[in-house]
Each structure stands twice: as structure tokens, then as C-alpha cells.
Amino acid sequence: AKGHPDFVRITVNTFCHGVGLWMVAPVYVLYYVRQLGAAEGWISLNILVANVAPIAGYLLWQRVVERRGENYALKWAMTFIGFYPLLVGLTPALAIIPVWTALNGIVAAGVNLSHFNMLLKVSPDGERANYLAVYTTICNAGAFVMPLVGVWLVDLFGYAPVLVAGGVLCILGSSAFRWNALRTPD
């Protein structure tokens, strides 16, 4: 990885970005049901929105990628993805949360269209499998530990504060894609 600084950048940046998101992943449903009293029908509606919104997002971000490139799309999409847990944590009523879910789905499509392609570009051709294994191991370690941390923090501070903290951590971590930007061209 020493000779491939952009690989190190995307790995570190993704880990910093993911810490907050991984931490709150199990907290959403607990917050919806236990704190806000969501019924099964509302949860189904929110899941429907979460699965339909990226369709519009892909159409939007595909144009952004074609015009400005994957690195540009990655920086912008990563900038906004952390607002979802922050907004959910600040929303004490179920009615508005599907709107946040829709906006998140649109933004997440930009991350999905650009992130993996940039990861492939910064991984050397001859050793791509090894580099992807290192990247996956590091990110999966975070994705394994942080949900446990999130649930533990809920017991100490409550659902909404942990969601807000996860959003703030994600926004701060996502800023690494700007101040520690990838230098690989699109």
C-alpha cells in the first residue's frame, strides 16, 4: 500500500466515514419502534421509500458522473450521507422520517455509483484481489464492532443522541474525502 497512496486514502476515508454509519445501523429500528411507536405498516412504508428513492438517485447521479466524474460525485455524495442519522435523531415524529429516507436514498445512489469504481481505480491491477481483501477486512472490522458500540451507547445516552452523534461522526469522517481527497483522475 506504500506505493499506492490513493488506496490508503480511500481506505482511511471510508473507515472514518463508516464509523458513524455503522454505529447507528441497529439503532434506527429500535428508535422507530421503541421511542416513536412505529407500527409494522410504517416500517414497511419507510423500507419501500428506502428501496425506491435510489432509482431516482441513480438517474441523477449517473448524469453527474458522466459530466463531472466519479471522484467529484464521490466527494459530494459523501458530504451529505451523514445527514440522514443526524436528521432522524433530531426528528421526534414519524411523519417526516420517510422524507429523510427518500433524500438519503437519492444521495446514497451517488456513493454507490462512484465509491466502488474509485476503489477499483486506486487498487493496482496485478494485486487488486489482495488490496480489496485488505480494504474489506478493515471496513468489516469497523462494521462488526461499531454496531455493538452504538447499542451500548444507547443504553447510556438514549436513541436520539446516539443517532445524532453517529451523523456527526459520519459527516466529520466524510469530510476526509475533501481534505484527504483522492488524486486518481476519473
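Tutor: In this predicted model, helix α7 passes helix α8 in a right-handed crossing (the near helix is turned clockwise from the far one by less than a right angle). Local features require pLDDT of at least 70 and side-chain atom pairs 80 or more, whereas totals for chains, interfaces and linings use all residues. Residues are numbered from 1 along each chain, and side-chain values use heavy atoms, without hydrogens or water.

The two helices (DSSP runs of H or I, at least four residues, numbered from the N terminus) span residues 128-157 for α7 and 159-174 for α8, and their axes come within 7 Å, crossing at roughly 130° (lines fitted to C-alpha atoms over the stretch in contact, with angles from 0 to 180 degrees between N-to-C directions).

Gly150, Leu153, Val154 and Phe157 of α7 meet Tyr159, Pro161 and Val162 of α8 (heavy atoms within 4.5 Å). This contact has six nonpolar residues, one polar and no charged (Ala, Val, Leu, Ile, Met, Phe, Trp, Tyr, Cys and Pro are nonpolar; Asp, Glu, Lys and Arg charged; the others, Gly among them, polar).

α7 also lines the second largest pocket, where α7 and α1 (5-24) each give two or more residues. The lining includes Thr14, His17 and Trp22, together with Tyr135, Cys139 and Ala143, and divides into five nonpolar, five polar and no charged residues.

Terms used:
1 Å grid on protein atoms, 1.4 Å probe; cavity = no way out; pocket = protein on both sides within 12 Å on 5 of 7 lines; lining within 4 Å.
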